[in-house]
Amino acid sequence: MTEPVAPRRAKLELLVRKPAVDGAEEAFEVREIRSAVAFVQLRPQRVEPDAFELAEVSSRVSGNRNFILKNRLTERYLLLSEPERFLWDQMDGQTSLQDLATAYVLRYGEFNFEIIPSLIRKLQRAQLLVLTPASRLRKALARNRARHLVKMLENALLVLERVNISSRSVDGFFRALYRFGGFLFFTRMAAALCVLLAIAGGVAGVRLWNDAAQVADSLGANPVLALLAVKLLFLFTVAAHQLLHGLALVHYGRRVREFGFTFLHGFVPTFYVDVTDVFMTSRRARVVTAVSGALVHLVLGSLWFLVAVQASPGFLQGFAAASGMIQWQAFVIALYPFCFIEMDGYHVLVDVLGVPTLKSDAMGYAGALIRGRAAAPATREEWLWIGYVVLSVVSIAAFAAFNVWLIVHAS
Amino acid sequence: MSSHDVAEFLRDVRLFQAFSDDDRAALARALRERTVRKGQVLFRENDQGAEMYLVRRGTLVVSKAVTGPVEQILARMGPGDFVGEMSLFDRAPRSATIQADAAADAWLLVLDRASLETLIDANPRAAASFFHALVQVFIERMRASSDLVAEVTRWGLEATGLDVEGR
C-alpha cells in the first residue's frame with residue numbers, strides 16, 4: 001500500500017541585488033521562498049469596524065458561547081465559536097498567523113491549528129478580511145527606499161535578519177548538561193544559595209554605591225568605552241540565560257527544540273532557545289522555566305558586586321561594578337513585564353492573567369485612543385490595556401533616564 | 001579557443017545541429033568569445049542590444065525586475081543554451097536581465113546581428129535550419145513560461161490562503 005503523498009508546496013526563486021560597497025561590484029543572492037513560509041507571516045486584517053457587526057448567542061442548554069458575525073455591506077452572516085471569535089479579535093493587520101497560532105495555544109492549550117486557515121477561508125468567503133503580507137516597518141522602509149539612508153538601513157536589516165546560527169538537535173546536549181550537574185540548579189540548596197548571593201550582592205552594591213564616584217573614576221580615561229566592553233561581555237551571559245531556560249525544560253521532562261543565535265528584529269544580537277514544549281506542562285513549570293533564565297543575571301550580578309567590593313580601587317573594581325550593575329539591570333528587565341518587550345516577566349504575567357495578546361491589544365487600543373477612534377476606558381480589560389501602556393512608557397523613560405544619568409555621572 | 005574547437009562545440013548547440021561542417025566552420029569564425037565573471041551582469045532589462053550569446057561553459061541566470069532590488073528568476077541557461085536572441089530580431093530593449101551564476105564564471109560566444117544577417121544572406125539553407133530550431137526552442141520556452149505563470153499563481157494562492165473554490 002502506498003503512503004499518501006503531501007502536495008508539493010509552490011516556491012518562488014527570487015534574486016535579490018545587493019548594492020556595491022567600496023568600489024566592489026554589485027552582487028546578488030538567490031532566495032527560495034516557499035508559499036508555506038509566506039503564509040505563516042501573513043497578517044490578516046479584519047475589515048473596518050463599521051463594516052461588520054458582532055452579536056453573542058449563548059446556548060442555554062450547553063452553556064457554550066457562540067457569536068454571529070455580520071458583514072454589513074454584503075449582508076452575509078457567519079457563526080463563530082468562542083475560539084474563532086478570539087482569533088477574529090487578533091486579526092488586526094499586525095499579528096501574523098504564526099503569532100495567532102501562539103496566542104491560540106496560550107489561550108486554549110490546543111494545537112489544532114487547522115482552525116486558523118479554516119476560519120480565514122470562512123472570513124474571506126464572507127469578504128470580512130484583508131490580507132497584508134509585510135511588517136509595518138518594512139512597508140515604511142519600502143515606501144522611502146528612494147532615500148539612500150533608508151535603503152542602506154533596509155539592506156542592513158535584511159542581512160542581519162538572515163543571520164541565524166542554530167541547531168535543532170540540541171535536546172541531547174541539554175539532557176547531558178542536566179545529567180552532569182545541571183539538575184543542581186533546581187534544588188532547594190541552589191534556591192537558598194541564590195537568595196544568599198542576592199543579599200550579599202545587594203549589600204556589596206550598597207557599599208559600592210557609597211563610593212560611586214571613586215568606582216566610576218577607576219574605569220579610566222574612557223568610561224563609555226569601558227561600559228561598551230561590559231555590554232559585550234554581557235552578551236555572552238545571555239547564552240547562559242538561555243541555557244538555564246533549556247535546563248528548566250529538561251527538569252520538567254520536556255524537549256528543547258532549538259538553540260541558536262540571531263539578530264532580533266534585525267538589530268538586537270541575542271541567543272535564543274525554543275521552549276515551546278513548556279506549554280505541555282503545568283503553569284508552575286512555565287513560571288519556573290521563565291524565571292530561571294533571569295536568575296542567571298541576579299547571581300552573576302551579585303558575584304560581580306562581591307568581586308568589586310573586594311577589589312582594590314582600580315580598573316578591575318570599576319569593570320566588576322559596571323558588570324554587576326548591567327547584570328542586575330538585565331535581571332530586572334527580564335522579569336519586569338511593563339516595557340513593551342515580550343520577555344520572561346511578560347510571559348509570566350500574561351500566563352497568570354490569561355491574556356496572551358496583552359501587548360498587541362493594549363497597543364491597538366492606545367493607538368485608537370490617541371487617534372480618537374476609541375472610547376475612554378470603561379471595562380476592566382480596557383483599564384488593563386491602559387495600565388500596561390502607561391506603566392511601560394513610564395518604565396522605559398525611567399530606565400533611559402537612569403542610564404543617561406549613569407553615563408553622565410561616569411564621565 | 002580555436003575556430004575548430006568552436007565549430008566542434010556548435011555541434012552540441014541545438015540551433016546549429018542541422019548545419020553542415022562548412023557552415024559551422026564559417027559561423028565559428030564569426031563568433032566572438034566573452035567571459036562574464038561570476039555574479040557579473042551581462043546585460044540588464046531595458047538595455048539596448050544587438051547580440052545573442054551562446055553559453056559555452058558555466059550558467060547564466062535570467063531574471064526580471066519585481067520590486068526594488070528583488071527580481072524573479074525565470075530560468076537558468078547552461079552549456080549549449082542561448083540568450084539575448086529576442087532583441088536581435090525585434091530590436092526592442094532587452095526583456096530580462098542576464099547574469100552569470102554566483103558560483104562560477106560563464107564563458108560565452110557572441111553572435112551579433114551583422115554576422116547573423118551575413119549568414120542568412122550567404123546560406124539560406126543553413127538559415128532555414130537555424131530558424132526551424134529557433135522556433136522549436138521558442139515553443140519550449142513559451143510552455144515553460146506558462147508553467148511558471150501557473151506555479152506563481154499557485155504560490156500566491158497558497159501564500160495568501162485565498163479560498164477560490166469556496167467563492
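These notes walk through a few local features of a predicted model.

1. Start with helix H3 of chain A, residues 97–108. At 1.5 Å a residue, its twelve residues should span 16 Å. The end C-alpha atoms are 16 Å apart, so the two values agree. Just after H3(A), Gly109(A) has a positive phi of about 65 degrees.

2. Which residues of H3(A) are buried? They are Leu97(A), Leu100(A), Ala101(A), Ala103(A), Tyr104(A) and Val105(A). Their cover includes helix H1 (35–40), strand E3 (43–46), helix H2 (82–90) and helix H4 (115–125) of chain A.

3. Now look at Gln242(A), in helix H10 (residues 223–251) of chain A. Is Gln242(A) buried or exposed? Buried means under 20% relative accessible area. Gln242(A) has 12%, so it counts as buried. A polar atom of its side chain lies 3.5 Å from the backbone oxygen of Phe271(A). Gln242(A) also touches other residues beyond four places away in sequence, among them Phe174(A), Phe259(A) and Tyr272(A).

4. In chain A, Arg65(A) pairs with Glu56(A), with the closest N and O atoms 2.8 Å apart. Arg65(A) is partly exposed at 35%. Glu56(A) is partly exposed at 40%.

5. In chain B, Lys64(B) and Glu45(B) form a salt bridge at 3.1 Å, N to O. Lys64(B) lies in strand E4 and Glu45(B) in the loop between strands E2 and E3, so the pair ties together parts 19 residues apart in sequence.

6. Glu151(B) and Arg154(B) also form a salt bridge, at 3.4 Å. They sit three residues apart in helix H5 of chain B, so about one helical turn separates them. Glu151(B) is buried at 16%, while Arg154(B) is partly exposed at 26%.

Note on methods:
Residues numbered from 1 in each chain as written. Chains lettered and ligands numbered in written order. Predicted model: local features only at pLDDT ≥ 70, side-chain atom pairs only at ≥ 80, totals over all residues. Heavy atoms only, no water. Helix = DSSP H or I, 4+ residues; strand = E, 2+ residues; numbered from the N terminus. Buried < 20%, exposed > 50% of the residue type's maximum accessible area, 1.4 Å probe, protein only. Polar contact = N/O pair within 3.5 Å; in protein donor to acceptor, adjacent residues only side chain to side chain. Contact = heavy atoms within 4.5 Å. Expected span 1.5 Å × (residues − 1). Salt bridge = Lys/Arg side-chain N within 4 Å of Asp/Glu carboxyl O.
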